[in-house]
Amino acid sequence: MGETGRGIAAMVSACVIWGLSPLFYKLLSHIPPSEVLAHRTIWSFVFFGCVLLVQGRIRLIKENLSTARATALTLAAALAISTNWFLFITSITIGRAVEASLGYYIFPLVAVLFGMIFFGERLTRAQMIAVALATLAVVGLTVALRAPPWISLALATSFAIYGAFKKQTATGPVVSVTSEVLLLSPIALGWLFYLWQAQAMQVTTGADVGLLLFSGPLTGLPLILFSYASRRVRMATVGLLQYLNPTLQFLVATLIFLEPFTPAHGVAFGLIWVALAVYSLDGVRRDRAARRAARAGAPAA
């Protein structure tokens, strides 16, 4: 298997882990999401810290937090991803995994809007069509259910905010995430200490402890696989393969958790899938144009 093949295999593996992760968090649904999040934060830091120690790169954390601006960006990103994790864990706990999958479907389109609003990026005609279709899907679902899909919107927005902060740092993914969970770990430890003092901790069995310990590698491994893949696979391919994650989440929610999937959901998901098809085909077209231009020694159209 060549470099590209290994990159695709790593990307598929990362998306399968992410896509099937609702099965894992469902096993912890008897524990409050805040407690699960605290453990996930701490054990993610332990896992990433061990990885950096083995790689001999642990010093890079200090370098990443060497300035006030870098520390502030890292803390902002940490709060955004922590919010995203909390919302995802909560959605599984309360039986709203369908909404969670919808959130990760619409995230790329929210990210496109963020690029336009905050970074002055221009939208192509296809991207504008995709965003319009996604907006129509959300509005239609809101009208049909008489309430906005808050979990979907919050997940997509929090992840887009996280991406916006990450866009402003050149630090690699493993070092940056390690720095983020390092800053969050004192808060997580403080929350667990409070629960312990109040005798309110819901972790009561060895199985619970084992699962919570495993949340560290479960968080870290797919990120490492994604980082490996992104260096070996074209971004257009990475973008297409990422849709495997919400697709698996959707299948788990409907086929295993047996969550309700109404006709309104069907229409909304259908519009989102069409929007993503338009968005993805445009990305593939522009990627091919850029490669042709690069081979010809001219700027891409």
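This is a predicted model: local features need pLDDT of at least 70, side-chain atom pairs count only at pLDDT 80 or more; totals for chains, interfaces and linings use all residues.
## A surface patch, a buried serine and some salt bridges

L251 has a relative accessible area of 36%, so L251 counts as partly exposed. Together with L20, L23, L255 and I256, L251 makes up a nonpolar patch on the surface, and these residues share about 430 Å² of accessible area. Two elements each supply two or more residues to this patch: helix 1, covering residues 3-26, and helix 11, covering residues 244-256. Which helix gives the most to the nonpolar patch? That is helix 11, with three residues.

Now let us move to a residue with another setting. S152 belongs to helix 7, which spans residues 150-166. Is S152 buried or exposed? Its relative accessible area is 0%, so S152 is buried. Leaving aside residues up to four places away in sequence, S152 touches E99, L102, G103 and I106. With E99 there is also a polar approach: a polar atom of the S152 side chain lies 2.6 Å from the backbone oxygen of E99.

Side chains of opposite charge can pair when their charged atoms come close. The model has five salt bridges in its count, and three of them are listed here.

| Salt bridge | Closest N and O atoms |
|---|---|
| E99 and R96 | 2.6 Å |
| E121 and K167 | 3.4 Å |
| E180 and K166 | 3.0 Å |

How do the partners of these bridges sit in the model? E99 is at 12% relative accessibility and therefore counts as buried, while R96, at 35%, is partly exposed.

The bridge between E121 and K167 links distant parts of the chain, 46 residues apart. E121 lies in the loop between helix 5 (97-119) and helix 6 (125-145), and K167 lies in the loop between helix 7 and helix 8 (173-197). With a relative accessibility of 35%, E121 counts as partly exposed.

The bridge between E180 and K166 also links distant parts of the chain: E180 is in helix 8 and K166 is in helix 7, 14 residues apart. E180 has 3% relative accessibility, so E180 counts as buried.

Note on methods: Residues are numbered from 1 along each chain as its sequence is written. Side-chain values use heavy atoms; hydrogens and water are left out. Helices (H or I, at least four residues) and strands (E, at least two) are DSSP runs, numbered from the N terminus. Buried means under 20% relative accessible area, exposed over 50%, partly exposed in between (1.4 Å probe, protein chains only). A polar contact is a pair of N or O atoms within 3.5 Å; within protein, one must be able to donate a hydrogen and the other to accept it, and residues adjacent in sequence count only if both atoms are side-chain atoms. Contact means heavy atoms within 4.5 Å. A salt bridge is a side-chain nitrogen of Lys or Arg within 4 Å of a carboxyl oxygen of Asp or Glu. Patches are made of residues with over 30% relative accessible area and no salt bridge: like charges are joined within 9 Å, nonpolar side chains (Val, Leu, Ile, Met, Phe, Trp, Tyr) within 5 Å. Accessible areas come from the Shrake-Rupley method with a 1.4 Å probe; for residues, only the protein chains shown count as cover.
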